[in-house]
2 protein chains.
Amino acid sequence: MSAISERRERERAYRHQLIITAARELAETEGWEAVTTRRLAERVEYSQPVLYSHFNGKDAIVSAVALDGFSELAAHLRRARQAAPESGQALRAVCRAYLEFATERPALYQAMFILPTELRFASAETPPPLRASFNEFVNCFHPDNKRRELFAEVLWSALHGIAVLSESGRIPPEGQEERLDFLITQIADTPMKPTTP
Amino acid sequence: MSAISERRERERAYRHQLIITAARELAETEGWEAVTTRRLAERVEYSQPVLYSHFNGKDAIVSAVALDGFSELAAHLRRARQAAPESGQALRAVCRAYLEFATERPALYQAMFILPTELRFASAETPPPLRASFNEFVNCFHPDNKRRELFAEVLWSALHGIAVLSESGRIPPEGQEERLDFLITQIADTPMKPTTP
DNA sequence: CAGGATGTCTAGCGTTGCTAGGATATTGTC
DNA sequence: GACAATATCCTAGCAACGCTAGACATCCTG
C-alpha cells in the first residue's frame, strides 16, 4: 500500500513536470498561441482530461511555466551579479543579464510578465523564486540604502518597459545598449541621493 | 449617384466609428475578454459579418480603439505639459499625466500597449497620434539635448513598466507617487550629463 | 418596370477551453 | 485465486470563439 502509492505519486509528479516542460517547449518553438490543450495533451501522449487532473486550467499551466522561469531568472541574475568584478559593476551586470534573459527566452518571459497569471506578487504568499529574482535587484544597492527596495522597483520597471516595448516593436530594437547605458548611469551614479529622508 | 453614394459613405463612416466606440465601451466596462464579435455585433445592432466589412478582423478593431487612445493620450500629455508653470516642471507633469491615463483607462491602455496590435511603431508609416504622444516626452527635454529621443525612450519605458507592473499587481499599487518622484529626479536632474558623446 | 449591383443576414465551419460519464485497469479483501 | 472497490484514463460532447459562404432583400440605374 505504501510503496505502491509512493510509486504512483512519483509517477504523477513526473508527469506533472512533463506537462510543464512540454508546454514550455511548445511555447518556445511556436509561441503561446500554439499551446492549446489538445496539442499539449497529444505532446505528452495523454488525453486532455489528464491535464485537468494536474492543473485547474490552462492558466495554471502557464503559471507553472512562469514559476520555473522565475527560478531560472533568479539564478541567471545571481550568476551575473556574482561574476561582476567589483560591486560597482554588479548593477550593470544584472541589468544586462535581465534584458538578455528577456530577449533570449521571449516565450518564457511572456508567461512570467504578460500573460494572465495566478501567481501572487509582492504579498505574503509570493513564491520564493519571485522574491529571489526581485532581491537580486535589491542587492545591487548598498544595504545602508534605506530606499533600495524602491530603487529596485523602479529599475525593474524600467527594464521591463524596455524589454517589452522593444520586443513588440514599439521602440526600435537597435540602440538597446545605449538605453541600458543611460538607465544605468542615471540610476546608479547617484544611488545615495535620497531627497533627505 | 453622387449625393446618394455620399450619404452612404457618410452612414458607413458613422457606423465605422460606432463599432469602435462600442468596442471601447464594452472593454472599459467588462474588460477585453468580454469583447467578442457576437456581443459587439449585438451592441451595434448589426450582424457579425458587417464587422468584417469594416475591419479585417477583431485585431483590427482593437487597433482602431488603440489609435483613438493614442490621440487622447497625446492630447492629455500636451495639456499637462502646457499647463506646467515652468518648463522644469513639464517633465513631472507629463509623467504624472501618463500614469494617470494608464490607471484611469486600463482597458484603453491595454489595447494600446499590451494586446496584439497592427499598428506600426517607430517607422515611416507610424500613425501621427503615436508620434505625437512620443513627441510629448521628447519635448520635455531641451532642444539642444542631442540625446533627447533616447531619454524619451527610456523615460517612456520606465513609465510603461511602472504602469503595467502595478496594474497587474506585480509591484504594490501603493508607493506609486514615490516611484514617480524617484524616476523624475534621476532622469531629470542630470539631463545634460551625456558620457561625452 | 426589369436587371444588376449593393448591402445585410442566416447558417455553419473549424477551433478553443473544459467536463460528464463510461470503459478499463489496478488494488485490497475474502 | 475470484470478486468488489478503487483509482485511472479516454471517448464524446458542450458552449463559445473568430470568421465566412451563400441566400435573401434592398436599392439605384437603364
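This is a predicted model: local features need pLDDT of at least 70, side-chain atom pairs count only at pLDDT 80 or more; totals for chains, interfaces and linings use all residues.
**Exercise 1. Get to know chain A**

Task: Work out which kinds of secondary structure chain A holds, and in which pattern.

Solution: 
- Step 1. Start by counting elements: chain A has 9 helices and 0 strands.
- Step 2. Now follow the sequence, and you will read the pattern α-α-α-α-α-α-α-α-α.
- Step 3. Next, look at the extent of the chain: along its principal axes, the C-alpha trace of chain A spans about 65 × 40 × 30 Å.
- Step 4. Finish with burial and contacts. Chain A has 197 residues, and 35% of them count as buried. If you take the contacts in chain A between residues at least 6 apart in sequence, 63% join residues at least 24 apart.

**Exercise 2. Relate the two chains**

Solution: 
- Step 1. Recall the general idea: two copies of a chain are related by a rotation about an axis and a shift along it.

**Exercise 3. Describe the contact between the chains**

Task: Describe the side of chain A that touches chain B: which elements give two or more residues to it, and which residue classes does it hold?

Solution: 
- Step 1. Count the residues: 26 come from chain A and 25 from chain B.
- Step 2. Name the elements: on the side of chain A, α8 (148-167) and α9 (176-188) each give two or more residues. α8(A) gives the most, with 9 residues.
- Step 3. Sort by class: this side of chain A has 13 nonpolar, 9 polar and 4 charged residues.
- Step 4. Compare the copies: 96% of the interface residues of chain A are also interface residues in chain B, so the copies meet through the same surface.
- Step 5. Take a closer look at α9(A). Its buried residues are Arg179(A), Phe182(A), Leu183(A), Gln186(A) and Ile187(A). They cover an arc of only 115° around the axis, which puts them on the same side of α9(A). Their cover includes α8 of chain A, together with α8 and α9 of chain B.

**Exercise 4. Read one helix, α5(B)**

Task: Check the span of α5(B), then find where its buried residues lie and what they pack against.

Solution: 
- Step 1. Helix α5(B) runs over residues 87-104, and at 1.5 Å a residue its 18 residues should span 26 Å; the end C-alpha atoms are 26 Å apart, which agrees.
- Step 2. List the buried residues: Ala90(B), Leu91(B), Val94(B), Cys95(B), Ala97(B), Tyr98(B), Phe101(B) and Ala102(B).
- Step 3. They cover an arc of only 160° around the axis, which puts them on the same side of α5(B). The face turned away from that buried side carries the exposed residues Gly88(B) and Glu104(B).
- Step 4. See what lies against the buried residues of α5(B): they pack against α4 (58-83), α6 (106-113), α7 (128-138), α8 and α9 of chain B.
- Step 5. Zoom in on Val94(B). Val94(A) and Val94(B) touch the most other members of the largest nonpolar core, which has 104 residues. Leaving aside residues up to four places away in sequence, Val94(B) touches Leu77(B), Ala80(B), Arg81(B), Glu136(B), Phe137(B) and Cys140(B).

How values were computed. Residues are numbered from 1 along each chain as its sequence is written. Chains are lettered from A and ligands numbered from 1 in the order in which they are written. Two residues are in contact if their C-beta atoms, placed from the backbone, lie within 7 Å. Helices (H or I, at least four residues) and strands (E, at least two) are DSSP runs, numbered from the N terminus. Ala, Val, Leu, Ile, Met, Phe, Trp, Tyr, Cys and Pro count as nonpolar, Asp, Glu, Lys and Arg as charged, and the others, Gly among them, as polar. A residue is buried if 20 or more other C-beta atoms lie within 10 Å of its own, exposed if 12 or fewer, and partly exposed in between; C-beta atoms are placed from the backbone. The arc is that of the directions from the helix axis to the C-beta atoms. A nonpolar core is a set of buried Ala, Val, Leu, Ile, Met, Phe, Trp, Tyr and Cys residues joined through C-beta atoms within 7 Å. The expected span of a helix is 1.5 Å times one less than its number of residues.
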